[in-house]
Amino acid sequence: MACALPRPRPPLSTVRRWYEEELGWPSTGTDPVELLTGLRFDVLEMPADAGRAVLQRMPRTGPVALLRPGPGGNSAADRPKLLLLIAAGGAEELPEILEWLEWGTLAADLTARGAGGRMPAPAPPSGGRAPDDCGAREAAGWVRPPRPGYEVENSLPTTGIGAGIGDVGGAPDLVRLVSAAATECHRARLVRARNGQSDRAYGDQPLAFSNASRMSAGTRPRSFTL
């Protein structure tokens with residue numbers, strides 16, 4: 001199927017105005033525009049193949065963006081990434097949640113952007129829909145775009161009182177989201193290793209520990225109970 005022609009890149013003022021005035025999200029004055037994390041939201045980052053599996057398991061996650069690799073990137077660090085927006089402060093909780101879920105370093109592909117960080121600003125969605133990924137020029141594009149006109153932060157995964165499926169916004173609580181993301185990141189690494197794709201950037205040791213081997217070794221991951 002033929003790809004659509006790339007959309008013209010919106011003017012910087014249009015992109016910045018949409019995020020700052022429609023959503024109330026602070027952005028940079030750079031070209032291209034970037035969104036500041038740690039203020040209105042944090043970001044959970046994972047490889048796109050793992051992220052797609054997470055989205056299939058969790059139809060409501062809050063806004064999600066696809067971060068495309070740079071030209072000519074072939075290493076593990078240059079693979080496409082999914083950026084899942086979570087409540088501000090969630091990035092600081094990620095290491096402790098992974099430790100509590102008994103993932104430790106096995107979920108090395110799962111990272112977060114919080115206070116002092118930033119993410120590329122996708123072009124505003126057209127007509128309320130995410131733009132076609134094919135041929136887009138931006139470094140990132142919305143998969144599940146935010147909707148202006150209501151408090152987007154209410155749809156972001158968080159922990160504590162008010163978190164969980166069925167609460168405001170319908171997003172899963174952060175622990176369940178991290179559990180699913182860690183599982184899918186580990187599974188995707190095993191699949192890539194089986195298919196001969198390199199994961200040497202993270203070393204070979206974690207690939208030896210599948211969920212089954214963890215259970216047979218006497219460690220039942222808490223993620224299995226969530």
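Is Trp 18 buried or exposed in this structure? Select Trp 18 to begin: at 15% relative accessibility, Trp 18 counts as buried. Buried here means under 20% relative accessible area, exposed means over 50%, and partly exposed lies in between, with a 1.4 Å probe and protein chains only.

**Before going further**

This is a predicted model, in which local features need pLDDT of at least 70 and side-chain atom pairs count only at pLDDT 80 or more, while totals for chains, interfaces and linings use all residues. Residues are numbered from 1 along each chain as its sequence is written, and side-chain values use heavy atoms, with hydrogens and water left out.

**Stop 1: the aromatic rings**

Ring pairs link Trp 18, Tyr 19, Trp 25 and Phe 41 into a cluster. Rings of Phe, Tyr and Trp (its six-membered ring) pair if their centres lie within 6.5 Å; planes under 30 degrees apart count as stacked, over 60 as edge-to-face and the rest as tilted. A search of the whole structure finds three aromatic pairs. The Trp 18 and Tyr 19 rings have centres 4.9 Å apart and planes at 90 degrees, so this pair is edge-to-face. Now turn to Tyr 19 and Trp 25: their ring centres are 6.1 Å apart and their planes at 15 degrees, so this pair is stacked. Both Tyr 19 and Trp 25 are buried, Tyr 19 with a relative accessible area of 0%.

**Stop 2: the sheet**

Next, show the strands. Helices (H or I, at least four residues) and strands (E, at least two) are DSSP runs, numbered from the N terminus. In which order do the five strands of the open sheet come? The order is β5-β2-β4-β3-β7, with antiparallel pairing. Two strands pair if DSSP finds at least two bridges between them. At the edges are β5 (111-113) and β7, each of which pairs on one side only. From one strand to the next, the twist averages 30 degrees.

Six bridges join β4 to β2, and the two run antiparallel. Within that pairing, Leu 44 has Leu 84 of β4 as its bridge partner, and Met 46 stands opposite Leu 82 in β4. Four bridges join β3 to β4, again antiparallel, and Ala 65 has Leu 83 of β4 as its bridge partner.

In a regular strand the side chains alternate between the two faces of the sheet. With β4 still selected, you can look at each face in turn. Lys 81, Leu 83 and Leu 85 are on one side, Leu 82, Leu 84 and Ile 86 are on the other, and all are buried. In other words, six of the six residues of β4 are buried.

**Stop 3: helix α2**

Axes are lines fitted to C-alpha atoms, for helices over the stretch in contact, and angles run from 0 to 180 degrees between N-to-C directions. Helix α4 packs on the sheet too, touching β2 and β4, and its direction makes about 25 degrees with that of β2.

Zoom in on Ala 50, which counts as buried at 0% relative accessibility. Leaving out residues up to four places away in sequence, Ala 50 touches Glu 184, Cys 185 and Ala 188; contact means heavy atoms within 4.5 Å. The C-alpha atoms of Ala 50 and Ala 181 are separated by 7.1 Å, although these residues are 131 residues apart along the chain.

**Stop 4: Thr 61**

Follow the chain to Thr 61, in the loop between α2 and β3. At 1% relative accessibility, Thr 61 counts as buried. Its side chain makes a polar contact with the side chain of Arg 144 (3.0 Å). A polar contact is a pair of N or O atoms within 3.5 Å; within protein, one must be able to donate a hydrogen and the other to accept it, and residues adjacent in sequence count only if both atoms are side-chain atoms.

**Last stop: confidence**

Finally, colour the model by pLDDT, the predictor's confidence in each residue, from 0 to 100. The chain has a mean pLDDT of 78, and 67% of its residues reach 70 or more. Over residues 128-136, pLDDT stays under 50.
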